[in-house]
Structure formats: structure tokens, C-alpha cells
Amino acid sequence: MALKHAVLAALLGGEYSGYQLTKIFDVGVSNFWYAAPQQLYAELTKLEADGLIAGREVVQTGRPNKRMFTVTEAGAAELATFAATPSKPLLIRDDLAVKVHAVDHVDPGPVIEQLRERAEEAAAKLALFEQILQRMRGDHDEATFLSQGEHVGPYLSCLAGCRLEREMRDWCLETARTLTGRAAHTRRTNS
């Protein structure tokens, strides 16, 4: 997947400025694609030049003008082609997992601390994603929303983000407890 597909998918919800798109990525898309604001602005320029999005300038009084973007028919066709293309397997590159893998040969203290920090970050993201899901569902329970609600795609991708963050939080906490217990046992044995 290229950044262009993530941007096109995010723009399907309506007309957005670059600033609004960075907020959408920060909250709604970050569970499956990270992009820095400067990457998003550069991608918007490319997508507009390629005719996959259309931009229009909005004149504002007392503030800088802004550009608003929407997906064009060509952009929708690009997304349809992308959706029909087989997906690649998920690849994970996580430096914390490498540190845990090597923990038998390094001081576990800093790794345990980083695990606890990552657990806190995952818990915060999980809470945010759960708020987003509640806002998307409105008054509906999840089963009703999933069978009848509008915009189920963003809901399902956010649901995946919740599950990933919950698993990350739980793994980090469990791993930190295990390493802490092992370190305490080693200290007692060596005393």
C-alpha cells in the first residue's frame, strides 16, 4: 500500500483541508498507517497533480486561505483497483520487540520501563479509539451499527486498531511482569 491509498481512503469521508487530514490521520488512520504532516501535504500535491483529488481554495478573512480536497472519479477508480489487488502480509518492525528478544543478554531494567511506557501509550490510544467507535455508533449498539450503520469501513478499521492496542497493552504488561519477576528471582538467588 502506498500513502496515496491511505490519503484517498481518508478523503472518502468528505471535503477536507490538509490540516483536517492531518487530524484524521492522527486519530482515525494512525491505527493502520502513520504519516507525518509534511508527508501528507506532499502527497496531496502529488495526488492533485495526478488528477486523483481535486482541490479548491477557500478565501478566509483574518486567516490564511486554505485548500480543500475531495476524491475525483479517477481517485475512486484508483481505490477500486487497489481494493481488488491482493494484500501483502502484515509486516511488523518493532524495536521494543527486538529488545525483549535480546533481554537475556542485556540489563532488563530499561526494557521493563519501556514496556510499561508502551503499555500506557497503548492504553491511551485504546481509550481514544473506543471514544471514536462510540461517536461513530451514536445511539446504536455495535451489532446494529455493523449491520445497518453508515460508514462501516472506518468503524471496522478503528475496531482493528482497538484490538491491536489492547493486545499491545496486555503483552507489554504481561512481559514487564514476567521480566520483573525473573529479575527479582535472580537477585534472591544471587544474594
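Helices (H or I, at least four residues) and strands (E, at least two) are DSSP runs, numbered from the N terminus. The model is predicted: local features need pLDDT of at least 70, side-chain atom pairs count only at pLDDT 80 or more, and totals for chains, interfaces and linings use all residues. Residues are numbered from 1 along each chain as its sequence is written, and side-chain values use heavy atoms, with hydrogens and water left out.

**Exercise 1. Locate Pro 86 and decide whether it is buried or exposed.**

Step 1. Find the element. Pro 86 lies in the loop between helix 4 and helix 5 (95-101).

Step 2. Apply the cut-offs. Buried means under 20% relative accessible area, exposed over 50%, partly exposed in between (1.4 Å probe, protein chains only). Pro 86 has 72% relative accessibility, so it counts as exposed.

Step 3. Pro 86 and Gly 18 are 68 residues apart along the chain, and their C-alpha atoms are separated by 29 Å.

**Exercise 2. Describe how helix 1 packs on helix 4.**

Step 1. Two packed helices are described by the angle between their axes and the distance between the axes. Axes are lines fitted to C-alpha atoms, for helices over the stretch in contact, and angles run from 0 to 180 degrees between N-to-C directions.

Step 2. Read the values. Helix 1 (residues 3-11) and helix 4 (residues 73-84) pack at about 120 degrees, with axes 10 Å apart.

Step 3. Classify. Angles under 35 degrees count as roughly parallel, over 145 as roughly antiparallel, 65 to 115 as roughly perpendicular and the rest as oblique. Helix 1 and helix 4 are therefore oblique to each other.

Step 4. List the contact (heavy atoms within 4.5 Å). Helix 1 uses Lys 4, His 5, Leu 8 and Ala 9, while helix 4 uses Gly 75, Glu 78, Leu 79 and Phe 82.

**Exercise 3. Repeat the analysis for helix 1 and helix 3.**

Step 1. The two axes come within 10 Å and cross at roughly 85 degrees.

Step 2. Helix 1 and helix 3 are therefore roughly perpendicular to each other.

Step 3. Helix 1 makes this contact through Leu 3, Lys 4, Val 7, Leu 8 and Leu 11. Helix 3 answers with Gln 39, Leu 40, Glu 43, Leu 44 and Leu 47.

**Exercise 4. Work out whether Glu 43 is buried or exposed, and name what it touches.**

Step 1. Glu 43 sits in helix 3.

Step 2. Its relative accessible area is 9%, so Glu 43 is buried.

Step 3. Leaving out residues up to four places away in sequence, Glu 43 touches Leu 3, Lys 4 and Val 7.
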